[in-house]
Amino acid sequence: MRSARILQQFCSVRRQSLHTKSSVGIIGAPFSKGQPRGGVERGPDLIRAAGLLPKLHELECAVKDYGNLAFEEAELDGPEGVLKNLKAVGGFNQRLSQAVQLVKKDGHTTVMLGGDHSLAIGSIHGHSAAVGQLGIVWVDAHADINTPLTTSTGNLHGQPLSFLVKELQSSVPVLPSFSWLKPCISVKDLVYIGLRDVDPGEHYILKELGVKMFSMSEVDQLGVSRVMEETCDYLSSRGNKPIHLSYDIDAIDPTVTPATGTPVVGGLSYREGVYITECLRETGRLSAVDLVEVNPLLGKTEEGIQSTVSMAVDLLLGCFGRLREGNHPSDYNPPKP
Ligand SMILES: [Mn+2]
């Protein structure tokens, strides 16, 4: 009975969304100061060069490219304790938040092309400031929820969620570079998919706060279709809020996406990765997407770089209606003899 009901819901949602055309606003965030490796700042232009915009047009999306958000190197940005580049990360994200608010006010589904994952701070903050409460789907090999006190590396791309989650505020020290930021998401509105490299301090937080998560073990146990069914049911039970998808390319197995800063074996397959985007698209509530951590300098081979960039493009196309069964334009006229 239950599966019949879900299938019915699923189908009606699907029919609906096939006729909804998306309006997409792209922001390039060529930012790399949340981690130590150069190259990730090239991500936005590489993803564009792989044909993202014409491919979105083929899906009948209206697309506006807002260009790359300029990043100015902060002077005297030495480490504060273990934490690295606080001023740069804080300042960039403040401006990114403002840019996202502008794009949301223009009525678009926002696409952030990263850049490293520290940009989720500004992306989610701006999204929430523009539309209110969000459901967050965080697809990643890592939990990115270290606090400035639990981090062992000091890299801020491993900490974005600690700044955003309300329930963690008593665990996060006051930092002048982030004084503009007010925590804006509840941990109950967060779902993880793809985890397989979680630090002890993070694991404690996830368990203590009861965060909904589907690690690679659950993907293996349940299969990706059940994972997505449960993810969508869970987000519905939390009130069908607009969805923010934060997709780290390192969620995908490094055999497919080797060109990234912190690859971890045993990740999502190409098919599982794309299926996640197709399901979220079908909810009709996808309101912003981050696609982060594509780093062409770490691909080793040209083939590895191509495969990583092309995966990034395919994930974004899945978010905006590309179906593996095929698509055709709504005004398609079949030739007649
Ligand atoms: Mn990440």
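**Close-ups of a manganese site**

H142 is buried, at 11% relative accessible area (buried means under 20%, exposed over 50%, partly exposed in between; 1.4 Å probe, protein chains only). This is a predicted model: local features need pLDDT of at least 70, side-chain atom pairs count only at pLDDT 80 or more, and totals for chains, interfaces and linings use all residues. Residues are numbered from 1 along each chain as its sequence is written, and side-chain values use heavy atoms, leaving out hydrogens and water.

**View 1. H142 and its surroundings.** H142 sits in the loop between β4 and α6 (strands are DSSP E runs of at least two residues, helices H or I runs of at least four, numbered from the N terminus). Its contacts include Y192, D197 and D250 (heavy atoms within 4.5 Å), not counting residues up to four places away in sequence.

View 2. H117 (ND1), D140 (OD), D144 (OD) and D248 (OD) lie 2.1 to 2.3 Å from the manganese ion (donors are N, O and S atoms within 2.8 Å of the metal, 3.2 Å for Na, K and Ca; water is not among the atoms, so sites may look incomplete). Along the chain, the donors follow the spacing H-x22-D-x3-D-x103-D. H117 lies in the loop between β3 and α5 and D144 in the loop between β4 and α6, so the pair ties together parts 27 residues apart in sequence. H117 is buried, at 0% relative accessible area. D144 is buried too, at 5%.

**View 3. D248 in strand β7.** D248 belongs to strand β7, residues 243–248. Among the residues D248 touches are V139, V292 and E293.
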